[in-house]
Amino acid sequence: MQAFDEGKIFLDKISREIKIEPQDWMPEQYRKTLIRQMSQHAHSEIVGMLPEGNWITRAPSLKRKAILIAKVQDEAGHGLYLYSAAETLNITREEMIGQLHAGKAKYSSIFNYPTLTWADIGAIGWLVDGAAIMNQVPLCRCSYGPYARAMIRICKEESFHQRQGFDILFTLSNGTGAQKKMAQDAINRWWWPSIMMFGPNDDASPHTKQSMDWKIKRFTNDELRQKFIDVCAEQVKVLRLTLPDEKLKWNDERKHYDFGDIDWEEFRNVVNGNGPCNKERMDARIRAHKEGEWVREAAAAHAEKIKLRQQKAVA
C-alpha cells in the first residue's frame, strides 16, 4: 500500500510540474533512466573537450586562443555540474567514470569525428553546440530538480559557444576563396553527424516515450531534429554557404524544411565504437584519468588533514 501511495504521489507531482528532488520517492526505473542520461551527458561534455583542445595552440590569433580556452573550460565545468547532479541519485562519480572507461556507458557519437582544420572549430560551435542547445533548453524544465537547475547555467554558456562558432564561420566565409572553401568543407563534414546527435528516429528510440511520460524529455528526437534543421537552413544563408543535402527544401504545406535520408548505419557504427576517433578518444580519457590520480589522492589527503585539525580544535 505504501509503495502504491508513493507512486501516486510521484505521478501527481509529475502532472503538476512539481520537481522531483533527491529525497523524494521515485520509481527505480526513473532513477536508472536519469543516471543513464545524465552520466552520458556528463561524459559527452568531458570527451567533447578533446576535439577542440588540440586547436588551442593552433588558433589563428591570441583572441581566438583565449576564447577557445574559455570554451573548453566551460565544457569541463558542465561535466562537473552534471556529475554532481547525477551523484544525488546514489551513484558515485567514480562509478560513472568507471562505466565510461569500461565501455558500459556512452557519450555523444559526434565527438568521435576528427577536427581537421580551424573551420571545424567553427562548425562544432555552430552545428554541434547548436544541436546541443536545441536538446538541452527543454531540459531546464526536466522533472528532476538537480538536472533542471544544472541545465540553466549550462544553456547560457552553450549559447555563447554557438555564437563563437558562427562567428568563426562568418569570418571565414567572408575571407579569401580558400577560407570560404575551408568553411564549406567543414560544414559538409559536420552536418550529418550533427543531425544524428538527436538520436534515432522516434519509432526506433526505446526510451523516448517513457522519458516523455515522466517529463524528463519534453520533445521527441524527431521534433527536435526538425526544429534544428529549420533553424540552420535559414542561418546558413547568412554565411552564404550551403548545407550538404540536395533534398533540403522548404515545404509550405508542413511549414518545415524537408530533408534527405540519414545514414543510420554510420550512426550505429560510431555509437558501437567503430567511428574514426572512438579508440583515440577513450585512450586519451583513460590516460588522463590515470595521470591525474596523484592530484585526487593529494586533494583527499589534504581534506583529511583539515578534518583532523577541525576535530582537534573542537576537542
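Helix α6 has a kink of about 35°, centred on isoleucine 124. The bend at a residue here is the angle between axes fitted to the seven residues ending there and the seven starting there. Before I go on: this is a predicted model, in which local features need pLDDT of at least 70 and side-chain atom pairs count only at pLDDT 80 or more, while totals for chains, interfaces and linings use all residues. Residues are numbered from 1 along each chain as its sequence is written, and side-chain values use heavy atoms, with hydrogens and water left out. Helices (H or I, at least four residues) and strands (E, at least two) are DSSP runs, numbered from the N terminus.

Back to α6. It has 19 residues and reaches 26 Å from its first C-alpha to its last, close to the 27 Å expected at 1.5 Å a residue. The expected span is 1.5 Å times one less than the number of residues. Of the 19 residues of α6, 18 are buried, so the helix is largely enclosed by the rest of the structure. Buried means under 20% relative accessible area, exposed means over 50%, and partly exposed is in between, with a 1.4 Å probe and protein chains only.

Next, α7, which covers residues 145-173. Its 29 residues should span 42 Å at 1.5 Å a residue, and its end C-alpha atoms are 42 Å apart, which agrees. A kink of about 25° is centred on isoleucine 152 in this helix.

Now the cores. A nonpolar core is a set of buried Ala, Val, Leu, Ile, Met, Phe, Trp, Tyr and Cys residues joined through side-chain atoms within 4.5 Å. The largest one has 50 residues, and those with the most contacts inside it are Trp118, Trp126, Trp190, Trp191 and Phe228. Two or more residues come from each of α4 (62-87), α6 (118-136), α7, α8 (177-196), α10 (221-239) and α11 (264-274). Which element gives the most to this core? That is α6, with 10 residues.

Take tryptophan 118. Leaving aside neighbours within four places in sequence, its contacts (heavy atoms within 4.5 Å) include Trp55, Pro60, Arg64, Ile168 and Met182. Apart from this core lies another, of 28 residues, among them Ala42, Ala86, Tyr144 and Met151.

Phenylalanine 10 lies in helix α1, residues 2-15. Is this residue buried or exposed? Phenylalanine 10 is buried, with a relative accessible area of 2%. Not counting residues up to four places away in sequence, phenylalanine 10 touches Ile20, Trp25, Met26, Pro27, Tyr30 and Trp214.

On to the second largest pocket, with a volume of about 290 Å³. On a 1 Å grid over the protein atoms alone, a pocket is an open set of points where a 1.4 Å probe fits, with protein on both sides within 12 Å along at least five of seven lines; lining residues have an atom within 4 Å of a point. Grid points are joined across faces, edges and corners, and the volume is the space filled by probe spheres set on the points. This pocket is lined by 14 residues, of which Arg93, Ile97, Arg285, His289 and Arg296 lie nearest its centre. The elements giving two or more residues to the lining are α4, α5 (93-101) and α12 (278-291). α5 gives the most, with five residues.

Last, two loop residues. Arginine 240, in the loop between α10 and β1 (249-251), has a phi near 60°, a positive value in a residue other than glycine. Arginine 240 is exposed, at 52% relative accessible area. Lysine 255, in the loop between β1 and β2 (256-258), has a phi near 65°, also positive.
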